[in-house]
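The sequence and structure are shown first.

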Amino acid sequence: MDKKEKKGNKKILIATVVLGTLLIFTVAFSIVFFFMRIKSTQSLLDTGDIKTYDNYYVMITDERDTDFWRSVYAGAQEEAEANNAYIELLGEDLDADLSKQDLLRIAISSDVDGIILDGDESDETVELIQKATDEGIPVVTISDDMTDSKRVSYIGVSSYNLGKEYGEQLAAYVKENGISDCDVLVLMDESLNSNSQSIIFTAINEAIEKRNLSDVISLNSQIVNSNKDYAAEEEIRDIFVGEDAKDIPDVIICLSETNTTCVYQTVVDYNKVGEVEIFGYYISPTIRSAIEKDIIKSSIVVDTNQMGKKSVEAVNEYKQSGYVSEIYIIDTQLATKETLDSFSGEGGDGDAKKDE
Amino acid sequence: MQRKMNKVFANMPIRFKLSLLVGGIMLLILIVNVILYYNLNLFTKQMDEIYVGNVTLNELEDSLDKVQSSMAEYLNTKSTDSLNDYYLAEQEYNKLLVGMEYKATDNKLKLMERNIYNMSQNYLFLTADTIEAKRGRNVEKYKDYYDQSTLIYSYIKTYISSLNNSRFRANTESYTALASAVAFLELFSIIMFVIMVAFSVSLVILVTRNITQPLKELSYAADKVSAGELESAPQVKVHGKDEVGVVTEAFNQMVSSIPGYLTRLKEGMEKEQLLKEKEILMEAHLKDAQLKYLQAQINPHFLFNTLNAGSQLAMMEQADRTYDYIQDVAAFFRYNISKNDEVTLKNEIELVDTYINILNVRFSGDIHFTKEIEDESLLMVHLPGMILQPIVENSVNYGIRDVEWEGKITLSVYGVDDNVCVSVSDNGVGMKQEVINTILRAQHQFV
């Protein structure tokens, strides 16, 4: 009886201890859990820890949704964070779809500390850059230059180098395949200023001439309107199925990620794979896969991260010293099926914006 | 440590243990409830905070509209009322701007707030310029300012509406998160209560067992004792110095002292029994002695009667000597049997005479007995009976019996001062001085 009783007592003691421990853990867990929940809701409600910065820069572009610009922005963010500055891709949190000029005005009236701007040819933009400069806000153009404006610096690819690169690629392709007559179409992006467009075109031409292929290659260009929604896709489609679609070019050179993707998709859709060779711009997952499938011959990749970093660096430098180098040239690399592996870390796609 | 605690607990009085148990469980329930209530309260507060931001933004937008509309009104009418309205609206708007974030932060919503704040400042400058230009009738300027301020107004509106939407989205997320947390809280409360109840029940069982266990052991031992198994009744373990512990100690003491009492009781009873037996035995002896006494009394009577009959027969046959002899023998025995606690010396001497007569018949007159009595009055002195005859008998037996000469025994009675002296002497073998000493010493020892 005694032993049985003792055993029972021990069991109850163990049960009590276990239940007590469980209770303590449950209570502790509930407290921790609820505090965490409260904290997470606080962060949703912006009542959590907030870091403040010395400087506030904005990046303004019409194409902020593209991977190219996301990658540029990511690079800029890294650099800004390192310098106790915050950079915002202006307009992405706004419900209204405001124009670049509107965003510039907002930036100016919001008294930002620096503007990084995807340049264009509009006079209004030039005026607004002037206004910003008057208000003591340095403006750095990026990807596409505005030489006539009061921008303090430009960060981007050299249009000439870009054109030269395309030209060499084209020449190599023609020679390699022993093509005697090659119809080439260069798709100019409308966001590029005319100066850049002509430089690129000239550079391609030069490269062809250098290799004495002027007779073999007939070079044409077409401007694709990228500012209107879906316009690029429509216009590119017209090349293949429109009224002027009798002469489908042998080679299409694309100077933006959007155009590259559109051309690739259209070539696939209209079963022109093999008939039309594509020289693309930048590398996105879609373009990467197209290169792997040999649908896109090659693509020129801009170091977007570097571009973003340099832009913030330029603004910082200007703010600190009142002076900054007028141009920063960003490196480009060629992505082909063979070199694709080295681009595994590359993030976005992009637009081939170029300067002189 | 645990042992120490156990000991402390075991030594607590039961009423204190029970109070502690009930109090502890109550406290536990209270704590759990307070925690649950506190959590719920936090949630409620958080819920309340959720939409405060939106309300503030709506107020800001209304105020901004007022500034814009009053400015437009003034530009249209240039009325004092509209100017007043404008100033009031501007003041109100400025008030609402106070407390808004104006620094650059990594929080997007706060950043929007900052931009709203800065744009609003610029906007208010522009509206002030517009009003000023209108008052100065500078048409071109005020139109320009108006356009600019209207543009910024639209931007601010866009920002406010965007911020409102962003906040609403965040709020919705918060609300969803809180709602799910509250649902979780319900479940958690149930689990917590179930565990708490289970814990309380097991604690109560544990403590009550702790209290009743010694009682059970005690009752078990008591059962054994009541069944008479005193020797096999175990010493009950004392768990603590509580009430049960005190009772247990007393019980143990009782159990250990009972066998002692029982042994002593048994011994006493045995002694009593022995005494009773002795008493009975003595009574039996007494009765036996009495019987023997009666028997002894019967025999002498028979002997006297017989002797009397013999003497009468001798007298009838005229045998005078036989008659005298039998008369002497009868007299000797009569004296012996009669209660002769206190007799006179004369009686004693007469008995000696009778004894000598009997002996002289037996031994043919060999014993020469002489009496020397100084004064007859001395013979009237009282003395215990049967003291002279044995002395004379000793003289016969140990003095003169086997002597070859004529044995003589002399009895003298004489007075010395107030005392009466009786002397018995013989001319027998006598006694060595050592033997006399030994006898006398033995007599003293005996005495």
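## Burial of A:Met188

A residue is buried if 20 or more other C-beta atoms lie within 10 Å of its own, exposed if 12 or fewer, and partly exposed in between, with C-beta atoms placed from the backbone. A:Met188 counts as buried because it has 24 C-beta neighbours inside 10 Å. This is a predicted model, in which local features need pLDDT of at least 70, side-chain atom pairs count only at pLDDT 80 or more, and totals for chains, interfaces and linings use all residues. Residues are numbered from 1 along each chain as its sequence is written, while chains are lettered from A and ligands numbered from 1 in the order in which they are written.

A:Met188 belongs to strand β7 (residues 182-189) of chain A; helices (H or I, at least four residues) and strands (E, at least two) are DSSP runs, numbered from the N terminus. Two residues are in contact if their C-beta atoms, placed from the backbone, lie within 7 Å. Leaving aside neighbours within four places in sequence, the contacts of A:Met188 are A:Gln197, A:Ser221, A:Gln222, A:Ile223, A:Val224 and A:Leu255. A distance of 9.5 Å separates the C-alpha atoms of A:Met188 and A:Ser198, which are 10 residues apart along the chain.

## Contact between the chains

On the side of chain B, 49 residues are in contact with 41 residues of chain A. Two or more residues each come from α2 (14-50), β1 (104-105), α5 (108-135) and α6 (139-226) of chain B. The greatest contribution is that of α6(B), with 28 residues. By type, the side of chain B that touches chain A divides into 27 nonpolar, 15 polar and 7 charged residues; Ala, Val, Leu, Ile, Met, Phe, Trp, Tyr, Cys and Pro count as nonpolar, Asp, Glu, Lys and Arg as charged, and the others, Gly among them, as polar.

The chains are also linked by strands, which pair if DSSP finds at least two bridges between them. Strand β1 (residues 52-53) of chain A is antiparallel to β1(B), with 2 bridges, and A:Thr52 has B:Thr105 as its bridge partner.

## A sheet in chain B

Chain B holds an open sheet of 3 strands in the order β3-β5-β6, with mixed pairing. Its edges are β3 (368-373) and β6 (419-426) of chain B; each has a single partner strand, so one side of each is left without a neighbour in the sheet. Strand β5 (residues 408-416) of chain B runs parallel to β3(B) over 6 bridges, and B:Thr370 stands opposite B:Thr410 in β5(B).

A nonpolar core is a set of buried Ala, Val, Leu, Ile, Met, Phe, Trp, Tyr and Cys residues joined through C-beta atoms within 7 Å. The largest has 120 residues, and those touching the most other members include A:Tyr57, A:Ala107 and A:Ile115. Not counting residues up to four places away in sequence, A:Ala107 touches A:Val58, A:Ile60, A:Leu90, A:Val112 and A:Ile115. A second, separate core of 12 residues includes B:Ile367, B:Phe369, B:Leu388 and B:Ile409.

In strand β3 (residues 85-89) of chain A, 5 of 5 residues are buried. A:Ala85, A:Ile87 and A:Leu89 point one way, and A:Tyr86 and A:Glu88 the other. Strand β2 (residues 55-60) of chain A is joined to β3(A) by 5 bridges in parallel, with A:Asn55 opposite A:Ala85.
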